[in-house]
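Colleague: Thanks for sitting down with me. Could you take me through how the labels on this model were assigned?

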Amino acid sequence: MTIHYNPEIGSKGINVHVPGVSPICRIDVDGHRHGDAGRRHKHSLQTERCPDRNLPDGVIQRDDLAGCSVQEVFDAFCQAAQIRHDGTFDAPDVPQGGTS
């Protein structure tokens, strides 16, 4: 799992990769627009070919995550994926007046 945060535009992303397979799930929040799914969307595995094509299918809107912090996106992702995270997530600090 890799997590990306761009404080300049407030975008957040979580990618789940399987070694030797490539990505199997991705969530993008407050980043670039993805067609009808907008700036907040989730990509999911639909066929065996999806990882090779960077998950172009199975894209759904996730407007419920608009403006959420990195921690909130991580928590929502884990809950939806039924991941039990017992460790510490060291989310980036967002400067006062910045985008969360």
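This is a predicted model: local features need pLDDT of at least 70, side-chain atom pairs count only at pLDDT 80 or more; totals for chains, interfaces and linings use all residues.

Colleague: What is the order of the strands in the open sheet?

Modeller: The five strands follow the order E1-E2-E3-E4-E5, with antiparallel pairing. E1 and strand E5 (60–61) are the edge strands, each pairing on one side only.

Colleague: How do you know that E2 and E3 pair?

Modeller: At least two bridges are required, and E2 and strand E3 (residues 22–29) have seven, in the antiparallel sense. Within that pairing, glycine 13 stands opposite aspartate 28. Three residues lie between the strands of this hairpin, where glycine 20 takes a positive phi near 85°.

Colleague: And what joins E3 to E4?

Modeller: Five bridges join E3 to strand E4 (residues 40–44), and the two run antiparallel. Here aspartate 28 faces histidine 41 in E4. E1 and E2 also pair in the antiparallel sense, over five bridges, with tyrosine 5 opposite lysine 12.

Colleague: Why does lysine 12 count as buried?

Modeller: Buried means under 20% relative accessible area, exposed over 50%, and partly exposed in between (1.4 Å probe, protein chains only). Lysine 12 has 4% relative accessibility, so it counts as buried. Its place is in strand E2 (residues 11–18).

Colleague: What does the side chain of lysine 12 make a polar contact with?

Modeller: A polar contact is a pair of N or O atoms within 3.5 Å; within protein, one must be able to donate a hydrogen and the other to accept it, and residues adjacent in sequence count only if both atoms are side-chain atoms. The lysine 12 side chain makes such a contact with the side chain of aspartate 30, at 3.1 Å. The lysine 12 side chain also reaches the backbone oxygen of glycine 10 at 2.7 Å.

Colleague: Why is methionine 1 called partly exposed?

Modeller: Methionine 1 has a relative accessible area of 47%, so it is partly exposed. Methionine 1 sits in the segment before strand E1 (2–6).

Conventions:
Residues are numbered from 1 along each chain as its sequence is written. Side-chain values use heavy atoms; hydrogens and water are left out. Helices (H or I, at least four residues) and strands (E, at least two) are DSSP runs, numbered from the N terminus.
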